[in-house]
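Hi there,

Here is the structure I promised to pass on. Have a look at it first, and then read my notes below.

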Amino acid sequence: KLMESDEGNLEYNKNKLKPEDLKEALKNFKTTQHDIPNEKRAEEIKQKFRSYDELKDDFTKMNMGIKTGQEIITDLFEKLKSKNSSILERENLLEDLEYHVHQYDNAILLGDLGGIPVLLQGLNDTEANIRSLSAYVIGSAVQNNPKAKISALDAGALQQLIRSLATDPNIAVKKKLLYALSNILRQFPFAQIKFFELGGLQSLMQLFQDD
């Protein structure tokens, strides 16, 4: 309780506050509907907030559905090697591979799995789009990636790309072959020397003679 002093200021009167007063005050507190638990309100809370077990189960399912970059590359490559894939499926696989090999480690993994020889086989496919996409994946894999460049060179990519550039009749395929060649040769002097030794310059000159 507060009382006014002689100076006109309010001051606390300790003598007026007794334990009995506190007990009486507590008795007079009014409760609200939120203070009284009931089944209906408990059910509303339960529906609004999910249990820990439910959340844990959902997170477990989410983690099971997430694949690492290495898993994706391995899965795509294994499917690409399958002889039972349709042309459309192979095109989709190559497009997905091209997207993922831009990542540095994925491109190296593709080389370690033996992906370059499989892609080089694609350069001889009867379908022009498969040839084009195969060259596209090679070019994207070796772009700014020294380890992938070496893997491609060891697999004989330079010889095959030069040969295909000279013989493939499809303009769209030639564009992707040039893309792959340029990415292998860029900032790679050893590959540039091999390019001249393998007749790469003659293949480029022939492009100016084609219609």
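Helices here are DSSP runs of H or I with at least four residues, strands are runs of E with at least two, and both are numbered from the N terminus.

Before going on, a word on what you're looking at. This is a predicted model, where local features need pLDDT of at least 70 and side-chain atom pairs count only at pLDDT 80 or more, while totals for chains, interfaces and linings use all residues. Residues are numbered from 1 along each chain as its sequence is written, and side-chain values use heavy atoms, with hydrogens and water left out.

Back to Leu198. Its relative accessibility is 37%, so Leu198 counts as partly exposed (buried means under 20% relative accessible area, exposed over 50%, and partly exposed is in between, with a 1.4 Å probe and protein chains only). Not counting residues up to four places away in sequence, Leu198 touches Leu158, Gln159 and Ile162 (contact means heavy atoms within 4.5 Å). Leu198 and Ile162 are 36 residues apart in sequence, yet their C-alpha atoms are 7.8 Å apart in space.

Now the whole protein. The secondary structure comes to 13 helices and two strands. Of its 211 residues, 31% count as buried. Among contacts with a separation of 6 or more, 64% are between residues 24 or more positions apart.

Next, the inside. In soluble globular proteins, nonpolar side chains tend to be buried together. The largest nonpolar core in this model has 40 residues, and those with the most contacts inside it are Leu110, Leu119, Leu158, Leu161 and Ile184. Helix α8 (residues 128–142) gives the largest share of this core, seven residues. (A nonpolar core is a set of buried Ala, Val, Leu, Ile, Met, Phe, Trp, Tyr and Cys residues joined through side-chain atoms within 4.5 Å.) Leaving aside neighbours within four places in sequence, Leu158 is in contact with Leu153, Leu181, Ile184, Leu185, Ala191, Lys194, Phe195 and Leu198.

Helix α11 (residues 171–185) and α12 pack at an angle of about 130 degrees, with their axes 8 Å apart. (Axes are lines fitted to C-alpha atoms, for helices over the stretch in contact, and angles run from 0 to 180 degrees between N-to-C directions.) The two helices are therefore oblique to each other (under 35 degrees counts as roughly parallel, over 145 as roughly antiparallel, 65 to 115 as roughly perpendicular, and the rest as oblique). Leu181, Ile184 and Leu185 in α11 meet Ala191, Gln192 and Phe195 in α12.

How do α7 and α8 pack? Helix α7 (residues 115–122) and α8 are at an angle of about 150 degrees, with axes 8 Å apart, which means that α7 is roughly antiparallel to α8. Leu119, Leu120 and Gly122 in α7 meet Ile130, Arg131, Ser134, Val137 and Ile138 in α8.

Last, two loop residues. Most residues other than glycine have a negative phi. Asn144, in the loop between α8 and α9 (146–154), has a positive phi of about 55 degrees. Gln187, in the loop between α11 and α12, has a positive phi of about 60 degrees. Asn144 counts as exposed because its relative accessibility is 57%, and Gln187 counts as exposed at 74%.

Cheers!
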